[in-house]
Amino acid sequence: MTDYPDEKALVEELYALIRYVYRRKLAEEIIRAFEDAFQTRSPEERLAICEQWIDFYRAHRYKKAMRRRRPTSRERMTPCSACGYPVSHRHHLWDVATHGENKVTVQLCANCHELHHLLYNVLARDSEHSRKLALTVLASERVSPQAVQQLVGWCRAIMRYEVENGWLEGYKLSDQWLDEKLKWSDYRQRVESRV
Ligand SMILES: [Zn+2]
Ligand SMILES: [Zn+2]
C-alpha cells in the first residue's frame, strides 16, 4: 500500500469485485452506473467512493466464498466413495466455515456422511456425545469394515493436515488415541474374526 492510492488500481479492484459478486449482466450494469457517476465527481470524491464501495463488496465477496454451492445432480448420482451406495452427498473434507467453498470434497451416502462427521468429532474434537453414537454404529456391524476403515482413514488424513498447520494437538493422531476413543483394536479383531 502506498500513501497515495492510485485511482486506476482502485477502480480496477472495485470492478473486479463487482464482477466476482454479481452475474455478468448485472455486474456490467453496476459498473456502467459507477462510470457515469465518476464522470461528474472530483478526484477526491472518486477515491472516497472507490474506498467505500470496495469495503462493501469485499464483505460480499467473503460471504459468497463462505456459501456452499448446491451440489449438481451428477454429484448426487455419484456412488458413495466409502460403501458404494448409489446416491451421495458432497462432504467437505476441509470444512466450509474455515476454508470457504472448496474442491476438497468426497461423495458420501447419508449414513457414511454422518459416520464421518461422528468419527471426526470423536477423534479431533473429543466429543463424548459423538463417541456414544459412533461406538453404537461400529458395534452394530451394519457398516462394512472397509467403509469404516476408509472413513477413519480420511478423518486421520484431514487431522494430519490440521496437526501440520498447528490447529490440532499431535497426540490425536496416535494409534493409542484411536484405541482409547473408538476401541479400535477390539473393533479390528472383531471384524477380522468374522471373515
Ligand atoms: Zn456410504
Ligand atoms: Zn459433511
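Which residues is Val104 in contact with, leaving aside its neighbours within four places in sequence? Points 1 and 2 give the background, and point 3 has the reply.

1. Basis. This is a predicted model, in which local features need pLDDT of at least 70 and side-chain atom pairs count only at pLDDT 80 or more, while totals for chains, interfaces and linings use all residues. Residues are numbered from 1 along each chain as its sequence is written, and chains are lettered from A and ligands numbered from 1 in the order in which they are written.

2. Overall layout. The protein has ten helices and two strands; helices (H or I, at least four residues) and strands (E, at least two) are DSSP runs, numbered from the N terminus. In sequence order the pattern is α-α-α-α-β-α-β-α-α-α-α-α. The radius of gyration is 24 Å, well over the 16 Å that the globule rule gives for 195 residues, so the protein is more spread out than a compact globule. That radius is taken over C-alpha atoms, and the globule rule is 2.2 Å times the number of residues to the power 0.38. The C-alpha trace spans about 80 × 40 × 20 Å along its principal axes.

3. Val104. This residue sits in the loop between helix H5 (96–99) and strand S2 (105–108). Beyond its neighbours within four places in sequence, Val104 is in contact with His92, Leu93 and Trp94. Two residues are in contact if their C-beta atoms, placed from the backbone, lie within 7 Å. Val104 counts as exposed because it has 12 C-beta neighbours inside 10 Å.

4. Domains. The protein is divided into domain 1 (7–66) and domain 2 (73–194), with bounds that come from an automatic or database domain assignment. The C-alpha centres of the two domains lie 43 Å apart.

5. Cores. Of the 195 residues, 17% count as buried. The largest nonpolar core has 24 residues, and those with the most contacts inside it are Cys112, Leu119, Ala134, Leu151 and Cys155. A nonpolar core is a set of buried Ala, Val, Leu, Ile, Met, Phe, Trp, Tyr and Cys residues joined through C-beta atoms within 7 Å. Two or more residues of this core come from each of S2, helix H6 (110–123), helix H7 (128–140), helix H8 (145–164) and helix H9 (175–182). A second, separate core of five residues includes Leu17, Ile18, Cys50 and Tyr57.

6. Helix H7. H7 has 13 residues and reaches 18 Å from its first C-alpha to its last, close to the 18 Å expected at 1.5 Å a residue; the expected span is 1.5 Å times one less than the number of residues. Ser130, Ala134 and Leu138 are buried in H7. Seen down the axis of H7, the buried residues fall within an arc of 65°, so they line one face of the helix. The arc is that of the directions from the helix axis to the C-beta atoms. An α-helix has 3.6 residues a turn, so residues three or four places apart point the same way. The buried residues of H7 pack against H6, H8, H9 and H10. On the other side of H7, Glu128, His129, Lys132, Thr136, Ala139 and Ser140 are exposed.

7. Val191. Val191 belongs to helix H10 (residues 184–194). Val191 is partly exposed, with 16 other C-beta atoms within 10 Å.

Key: Buried ≥ 20, exposed ≤ 12 C-beta atoms within 10 Å, placed from the backbone.
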